[in-house]
Amino acid sequence: MRMRLLLLLLLLPFALPADERILDYRSDIQVHENGWLTITETIRVRAEGNQIRRGIYRDFPTRYRDRLGNHVRVEFVPLSLRRNGDSEPWHSKELKNGVRVYAGSAARTLAPGIHEYELVFRTNRQLGFFAEHDELYFNVIGTGGAFPIDRAVAHVTLPFDVAAQDLQVSTYSGFFGVSTSSALAEVTGSNRVRVETERALAPREGLTIAVSWPKGLIDAPGAGQKLRWFLADNGAALVLITG
């Protein structure tokens, strides 16, 4: 009986399911005067060698259709990737609707424990210019994630100062298509907004933010730029139609 109990105690740790998860997901979003964004994502994960064996990956959608059905392609430019403060090898892969960035190397296995990743990238065409206002509408966390997220925080810094009452913030959190939110949003300065989830996100739950401000504070792209984007995004379709 004593031998059986000892054997059970020895096997028990290996029978427990892996508790791999994202402990903290922070996104610092810097909006520039030219409409580009520089985003620093800091992601703390618990790895146990189950699904997180060599590193993590980040999917970023770059291709979609607008409300008129036209193709739109945004830029996604990775600038740096670090793990626990040191440079981390990475590579990217084209997806059907975007890019996947892999952090880590096939030649190395992560030690079990907590690891902190920092990904810095730039992207454009994330701002909307409307008749009454302009806005940033951005998926901070997509709905394709495989791990629960204990806490998510997003900070937005704008390139201008404005009265707090002129900044409007909306949030959406949950599964794809959700129109409700369990995130707290606040204006923390004349050009800063902070959003934080009020509960953990389950796998495949995301977080979207919308920050709007009065028109004219960021120049909208001109007709020439819009035409160049349209031709670049829809050139292949136009060739087929012409043919």
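Author: Take N70, and leave out residues up to four places away in sequence: N70 then touches Y64, R65, F230 and N234. Contact here means heavy atoms within 4.5 Å. Before going on, note that this is a predicted model, in which local features need pLDDT of at least 70 and side-chain atom pairs count only at pLDDT 80 or more, while totals for chains, interfaces and linings use all residues. Residues are numbered from 1 along each chain as its sequence is written, and side-chain values use heavy atoms, with hydrogens and water left out.

Reader: Where does N70 lie?

Author: N70 is in the loop between strand 4 (63-65) and strand 5 (71-73). Helices (H or I, at least four residues) and strands (E, at least two) are DSSP runs, numbered from the N terminus. The C-alpha atom of N70 is 8.1 Å from that of D233, although 163 residues separate the two along the chain.

Reader: Which residues is D24 in contact with?

Author: Setting aside neighbours within four places in sequence, D24 is in contact with T42, I43, R44 and R151. The side chains of D24 and R151 are joined by a polar contact of 2.5 Å. A polar contact is a pair of N or O atoms within 3.5 Å; within protein, one must be able to donate a hydrogen and the other to accept it, and residues adjacent in sequence count only if both atoms are side-chain atoms.

Reader: How should I read a sheet?

Author: Strands of a sheet pair through backbone hydrogen bonds, either parallel or antiparallel. Two strands count as paired if DSSP finds at least two bridges between them. In this model an open sheet of eight strands has the order 7-6-10-2-1-13-16-15, with mixed pairing. Strand 7 (86-87) and strand 15 (183-189) stand at the edges with a single partner strand each, so one side of each has no neighbour in the sheet.

Reader: In what sense do strand 13 and strand 16 pair?

Author: Strand 13 (residues 152-157) and strand 16 (residues 192-197) pair in the antiparallel sense, over five bridges. V153 stands opposite E196 in strand 16.

Reader: What is a nonpolar core?

Author: It is a set of buried Ala, Val, Leu, Ile, Met, Phe, Trp, Tyr and Cys residues joined through side-chain atoms within 4.5 Å. The largest one here has 45 residues, of which I29, L136, F138, V156 and W213 touch the most other members. Strand 2 (residues 37-47) gives the most to this core, with five residues. Beyond four places in sequence, the contacts of L136 include I29, V156 and W213.

Reader: Which residues other than glycine have a positive phi?

Author: Among them are N84, with phi of about 55°, and R125, with phi near 60°. N84 lies in the loop between strand 6 (76-83) and strand 7, and R125 in the loop between strand 10 (113-123) and strand 11 (127-129).

Reader: How many helices and strands does the protein have?

Author: The protein has two helices and 17 strands. Buried residues make up 37% of its 243 residues.

Notes: Buried means under 20% relative accessible area, exposed over 50%, partly exposed in between (1.4 Å probe, protein chains only).
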